[in-house]
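Hi everyone, thanks for making time. I'd like to walk you through one structure today, a few spots at a go. Have a look at it first, and then we'll start.

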Amino acid sequence: MATNTKSGRDLARIAFVGAGGHSSQSLYPNIPLIPEFELVAVCDLDGEKARQRAADYGAAGVFTDVEAMLDGVKPDGVCICGSPAMNHEVSLQVLTRGIPIFVEKPPAEDTQGAAELVEASKEAGTWGMVGFMKRFAPANRIVRGFMNSPEFGQFTSLTAIHGCGHHESVRNVLIFNAIHIIDLARFFAGEVKALQAYVCEPGPTRKAICANFRFQSGGLGQLNVNSGHTWQNIFEQVYLSGQECGIVIDQSNSARITSPEAQFVSGQDQELFAWGRSYSVPGAMSGWSAGGHYTRGYWGELSHFARSVLGKVPPVATLEDGLAAMRIIDAITESAATGAEVEVKAGVDVG
Ligand SMILES: NC(=O)c1ccc[n+]([C@@H]2O[C@H](COP(=O)([O-])OP(=O)(O)OC[C@H]3O[C@@H](n4cnc5c(N)ncnc54)[C@H](O)[C@@H]3O)[C@@H](O)[C@H]2O)c1
């Protein structure tokens with residue numbers, strides 16, 4: 001951790017591995033807007049990509065080899081964004097040096113790999129965050145806070161729907177897209193105890209996956225994920241019910257809460273139904289991009305990572321959460337194959 005004497009602020013010296021499509025579109029553009037985030041180096045096997053991102057965002061170091069970058073720059077934290085295999089391999093390289101990571105989802109190709117990252121972080125006395133940006137979307141954060149209130153009461157049920165663009169396999173729908181909504185379900189409703197899932201494949205790239213969840217809290221859940229949309233038109237909704245209270249979240253962007261308070265308004269000879277509460281984040285709050293880096297949580301996850309590196313906040317959306325999501329994916333796969341309800345292994349315990 002370093003204090004930048006020019007600004008007098010605490011700055012986390014963070015390096016980035018991967019300068020490809022997602023990172024360039026949705027991650028790097030946040031860095032200038034995070035006061036605690038100092039980009040010290042960019043590493044990519046493609047040196048030109050690394051040089052370009054470093055130039056765009058003010059990093060002095062340009063590398064094509066991760067170990068050389070870690071030796072040369074000694075960063076306080078490292079962001080990793082590549083294929084699932086690259087996420088796993090590079091995460092291990094960084095964690096074993098005791099350096100915290102932010103790694104895109106999925107953190108590895110399989111559950112074994114995700115568990116290895118948790119183990120490596122524990123052995124090295126460090127930690128990691130996974131790119132579950134939906135936890136940082138303002139609408140979802142406000143709803144999570146509201147769920148703690150007596151007005152929401154006890155969580156009863158969740159329905160989560162996600163329609164994405166085409167994928168060639170059910171596995172890819174699960175590890176690239178469903179993983180986000182699975183993590184969001186855990187964020188709102190806690191650990192999944194058991195589930196029963198069904199899969200249908202109406203076309204080579206069109207897949208549908210439905211699952212019923214029993215949460216450890218006793219609440220219930222439904223997951224409905226399909227790859228029948230286009231990538232320009234991803235659809236997502238979450239419904240949550242408490243006690244006399246319901247919430248609908250649209251696209252992780254706006255939320256409507258109905259609660260017992262002021263639910264009925266008197267009219268002449270009739271009672272007019274009115275919403276008790278409403279909360280909405282307009283797209284304009286993205287601030288600098290119609291892509292909604294703030295609204296969708298990309299700014300929040302990287303800001304949180306930088307502040308966690310500085311020890312100001314505990315990490316959330318951790319490697320343990322990544323492992324838990326991968327275990328739910330395994331259980332969905334097993335249940336879809338056998339038709340049986342499957343118990344989900346507890347998320348935090350590695351063994
Ligand atoms: N959270 C989201 O909304 C979201 C959206 C899209 C993609 N993603 C995730 O982002 C990741 C894909 O990122 P991308 O689109 O930037 O991928 P990409 O394939 O475009 O880029 C990956 C880059 O990593 C580099 N690379 C590979 N191995 C390396 C190594 N050992 N050392 C250094 N560089 C290496 C490659 O040269 C490439 O430039 C996936 O994990 C995907 O699931 C997340």
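Okay, let's begin with Glu244, which is partly exposed because 14 other C-beta atoms lie within 10 Å of its own. For that word we count C-beta atoms, placed from the backbone: 20 or more others within 10 Å makes a residue buried, 12 or fewer makes it exposed, and anything in between is partly exposed. Before I go on, two bits of housekeeping. Residue numbers start from 1 along each chain, as its sequence is written. And this is a predicted model, where local features need pLDDT of at least 70 and side-chain atom pairs count only at pLDDT 80 or more, while totals for chains, interfaces and linings use all residues.

Back to Glu244. It sits in the loop between strand 12 (235–241) and strand 13 (246–250). Helices and strands here are DSSP runs numbered from the N terminus, with helices being H or I of at least four residues and strands being E of at least two. Glu244 is not a glycine, and still its phi is positive, about 55°.

Ala317 has a positive phi too, near 55°, and is likewise a residue other than glycine. You'll find Ala317 in the loop between helix 8 (298–309) and helix 9 (319–338). So is Ala317 buried or exposed? Ala317 counts as buried, because there are 26 C-beta neighbours inside 10 Å.

Now for helix 3, residues 66–73. Its buried residues are Val66, Met69 and Leu70. They span an arc of only 95° around the axis, so they end up on the same side of helix 3; that arc is taken from the directions from the helix axis to the C-beta atoms. On the face turned away from the buried side, you get the exposed residues Glu67 and Asp71. What covers the buried residues includes strand 2 (10–17), strand 3 (37–43), strand 4 (61–63) and helix 4 (84–95).

Phe63 counts as buried because it has 24 C-beta neighbours inside 10 Å. Which residues does Phe63 touch, not counting those up to four places away in sequence? They are Ala41, Cys43, Ala50, Ala68 and Met69, where contact means C-beta atoms, placed from the backbone, within 7 Å.

Next, Val78, over in strand 5 (residues 77–80). Val78 is buried, because 30 other C-beta atoms lie within 10 Å. Leaving aside neighbours within four places in sequence, the contacts of Val78 include Ile14, Val94 and Ile101. Val78 and Val103 are 25 residues apart in sequence, yet 8.3 Å apart in space, C-alpha to C-alpha.

Last stop: how do helix 4 and helix 5 (residues 111–123) pack? Their axes are 9 Å apart, at an angle of about 10°. The axes are lines fitted to C-alpha atoms over the stretch in contact, and angles run from 0 to 180 degrees between N-to-C directions. The two helices are therefore roughly parallel, given that angles under 35 degrees count as roughly parallel, over 145 as roughly antiparallel, 65 to 115 as roughly perpendicular and the rest as oblique. On the helix 4 side the contact is made by His88, Ser91, Leu92 and Leu95, and on the helix 5 side by Gly113, Glu116, Leu117, Ala120 and Ser121.

Key
Two residues are in contact if their C-beta atoms, placed from the backbone, lie within 7 Å.
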